[in-house]
Amino acid sequence: CLSCDREMPRISALIAFFFCLLAQGVWSDSTKQVNVRVGNFIHSLGNDVLAVELKTINKQLIHSFENISRGHFTKFVNITDLYFDVEVLKPRNKTLGPVSLSVVHMNNPNSTDLISINIYGQVEDLKLDVDRSDTVNNSNWPSCEIDQAALKLIHMGSYPLEYYEVSGECYQCATNLLGTVNPGVTIFLCVDTRFEYRMLLSENENLSFWKKESYEERGQYFLNITGEDKDHPNTIMYDFQKVKEGQNSFLPLLYVSIVLVLVALIYSVATFVEWKYRCCIRMKARLWTEMKFERDFGNPSRYGLKGSYSSTSISKHAQFGNKDGETSPLIGSETETLASGKRSKKHKERLQSLDGFRGLSLVIMIFVNYGGGGYWFLDHSSWNGLTVADLVFPWFVWIMGVSMVYSFKGRQKDSWFSKLYQILRRTVILFALGIFLDHQTNFSKMRIPGVLQRFAISYFVVAITEYLTIFLYSRFELQHKVFKHFKDLTNNWIQWIVTAALILTHTCITFLLPLDWNCPRGYLGPGGLAEFGKYPNCTGGAARKLDLMLFHESHIYQHPTCKTPYKCLAHDPEGALGALNSIVICFLGLQCGKILIYHKGHVHRIVRMIIWGLILGLIGAALAEFKQNGGAIPLNKNLWSLSFILVMAGTGYLLLAAFYFIIDVLKIWTGAPFIFPGMNSIFIYVGSELLDGYFPFFWDGPNCHLKRLFENLLAVSIWIIVAYYCYIIKFFVKI
């Protein structure tokens with residue numbers, strides 16, 4: 001309250017009405033009776049106030065207070081109006097002073113709020129202690145979606161305001177006009193809570209203001225535009241308040257992380273108990289074998305065998321024969337069979353770390369395809385930058401290159417016709433599956449590029465190159481001693497020439513191809529609102545133009561991730577130009593496979609993979625100048641830029657090195673449960689895409705991150721169980 005030297009009267013009726021209005025809520029259009037207790041009121045109007053009238057914005061009388069008394073009292077008031085003017089009637093030639101109110105709500109005397117009233121055309125701020133808890137559940141508030149907050153905008157000025165917005169997700173974007181707000185009009189908005197939300201309210205070129213705010217999910221906010229500040233020209237006065245606290249959208253991730261850690265601990269303990277049990281069983285079997293051997297052949301010490309002995313020593317001892325001089329071919333043959341079986345199993349053993357890495361990528365891919373719990377960082381990036389969803393596809397292409405080395409090594413004895421037929425067969429099947437999974441029966445709108453189509457193209461080029469160069473290496477193999485230590489490179493030099501040619505071709509088309517619609521050559525942006533709206537029709541630059549030349553606009557992806565924030569045109573992230581760089585990352589995976597083939601030592605393999613990973617990652621990051629937006633070639637999954645594939649290949653090398661060290665060297669983890677979908681990846685992926693919307697199950701309920709996380713994790717878990725069952729029954733789908 002404002003202090004004065006003389007005693008001031010208390011206009012209790014005015015206080016009661018103001019507080020009842022706030023207790024009901026300035027956002028409520030319905031009538032509600034509110035019981036309030038009024039505190040002290042001090043103002044500087046003087047002792048000769050005749051009456052106080054409260055009117056609506058349309059100057060309709062709400063209530064008139066006459067013969068105002070002092071003191072505290074409790075009053076019931078029915079409130080039907082959102083906003084009001086206060087008109088004080090008093091004798092002429094009296095100066096109006098500032099007005100200040102202090103009111104206390106019966107339920108919560110500690111909350112604070114702010115409101116403005118109009119006294120004879122002068123705007124004054126009233127400081128109120130008030131509880132708005134009975135207004136937050138009002139039906140007038142919009143029901144916003146996940147990652148949104150409700151904003152109530154009230155325009156109390158004298159002139160219309162144009163309302164613009166810019167999302168923090170949109171880099172260097174022009175303002176997007178949403179509409180015009182007339183004086184006395186209230187509008188409700190659902191604003192984005194994932195990034196900083198920026199809005200521009202403009203009356204004219206000289207009178208405007210920016211409001212930047214980070215909102216909380218499911219929160220409710222109030223913005224009251226009161227007009228131009230007369231003390232500060234060209235400045236709009238406003239009042240911004242948080243009405244209702246929002247939710248912490250990251251708490252579900254914490255809950256899920258705790259549950260997953262507990263499940264992992266339980267699984268680890270159960271695995272350790274099972275391992276101990278099996279050790280006991282093997283120990284008992286070994287003791288039983290020793291007892292039987294001693295019973296049949298006597299004490300082994302007479303044959304020079306000391307201490308415990310293995311099945312190998314048993315087979316050697318069995319060759320001496322028994323007491324009668326007869327040999328025991330049964331034991332020898334059985335042991336030899338077991339030994340040969342072990343050798344055969346060791347020879348055909350799969351690289352478990354590669355299956356684990358492939359399975360992890362597949363699990364993440366299914367999780368993000370089903371929604372990723374509704375989190376923006378588990379969805380694809382709007383244009384530049386990296387999110388979790390952007391990682392898995394290039395990792396898959398890179399892993400396909402690694403696996404290709406083992407596939408060709410296992411087919412060395414096949415005829416050239418058989419190898420060529422296998423390459424063509426797999427390419428056609430992958431491409432056809434990609435077209436089939438588009439779920440489009442109208443051929444005029446069928447999308448031609450796609451995920452599996454990109455796999456088919458990458459596989460075909462790399463496999464054909466690998467197949468044809470086998471004959472050349474036998475004639476032009478580098479024989480110098482130094483080259484023997486770098487066989488993974490010297491026996492791969494033709495592939496590196498092809499890789500360099502692909503990179504050069506992609507770079508020349510990207511930066512030299514003439515573009516239409518007044519677009520500059522080498523444009524790499526999303527168009528639309530980007531670059532402050534300077535190039536609205538230039539989405540994707542050369543990549544989109546090449547797709548339009550090859551496929552037509554109706555046959556490319558119509559809903560790119562840049563559609564919402566940037567208002568971009570149709571663009572296909574699996575387009576023709578990006579296919580060149582996907583072939584390059586597949587070649588980089590092939591190089592990793594050559595490391596695993598030509599270098600048998602664990603240390604040599606791990607060190608080389610780490611070096612390759614660091615070099616490729618640093619080169620890619622340097623091309624983007626180590627930032628999300630900018631650089632000569634930004635990190636961009638929508639374009640499969642050169643910096644993007646180099647960083648993805650580098651992370652692939654580093655992750656496989658980590659998996660290899662943990663699974664295949666230390667053997668402290670088998671790779672479960674990821675190895676099961678990793679060994680049946682094409683079946684699990686096609687099944688998850690084909691049955692999307694039918695299986696696994698979804699249900700109605702509150703649209704929140706916790707529900708979505710539970711649904712998506714349950715779906716992924718079911719597919720892992722399916723993969724495990726296929727592993728048990730030895731059902732594997734290969735192309």
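Helices here are DSSP runs of at least four residues, and strands are runs of at least two. By that count, the protein chain of this predicted model has 19 helices and 17 strands.

**Whole chain.** Start with everything selected. The protein chain has 735 residues, and 46% of them count as buried.

**Main core.** Select Trp398 and Met404. These two have the most contacts inside the largest nonpolar core, a set of 110 residues. Next, colour helix α6, residues 389–410. Helix α6 gives the most to this core, with 14 residues. Stay on Met404 and show what surrounds the side chain. Beyond its neighbours within four places in sequence, Met404 is in contact with Tyr459, Val462, Ala463, Cys586 and Leu590.

**Second core.** Move to Ala149, Leu153, Leu189 and Tyr221. They belong to a separate core of 17 residues.

**Cavities.** The model holds 4 cavities of 30 Å³ or more. The largest cavity has about 160 Å³ of space. To find it, select His506, Thr510, Leu524, Leu639 and Ser641, which lie nearest its centre among 17 lining residues. Then show α10 (493–512) and α12 (542–550); each supplies at least two residues of the lining. α10 gives the most, with 4 residues. Finally, colour the lining by class. What kinds of residue line the largest cavity? The lining has 10 nonpolar and 7 polar residues, and no charged ones.

Definitions and conventions
Residues are numbered from 1 along each chain as its sequence is written. This is a predicted model: local features need pLDDT of at least 70, side-chain atom pairs count only at pLDDT 80 or more; totals for chains, interfaces and linings use all residues. Side-chain values use heavy atoms; hydrogens and water are left out. Buried means under 20% relative accessible area, exposed over 50%, partly exposed in between (1.4 Å probe, protein chains only). A nonpolar core is a set of buried Ala, Val, Leu, Ile, Met, Phe, Trp, Tyr and Cys residues joined through side-chain atoms within 4.5 Å. Contact means heavy atoms within 4.5 Å. On a 1 Å grid over the protein atoms alone, a cavity is a set of points where a 1.4 Å probe fits but cannot get out, and a pocket is an open set with protein on both sides within 12 Å along at least five of seven lines; lining residues have an atom within 4 Å of a point. Grid points are joined across faces, edges and corners, and a volume is the space filled by probe spheres set on the points. Ala, Val, Leu, Ile, Met, Phe, Trp, Tyr, Cys and Pro count as nonpolar, Asp, Glu, Lys and Arg as charged, and the others, Gly among them, as polar.
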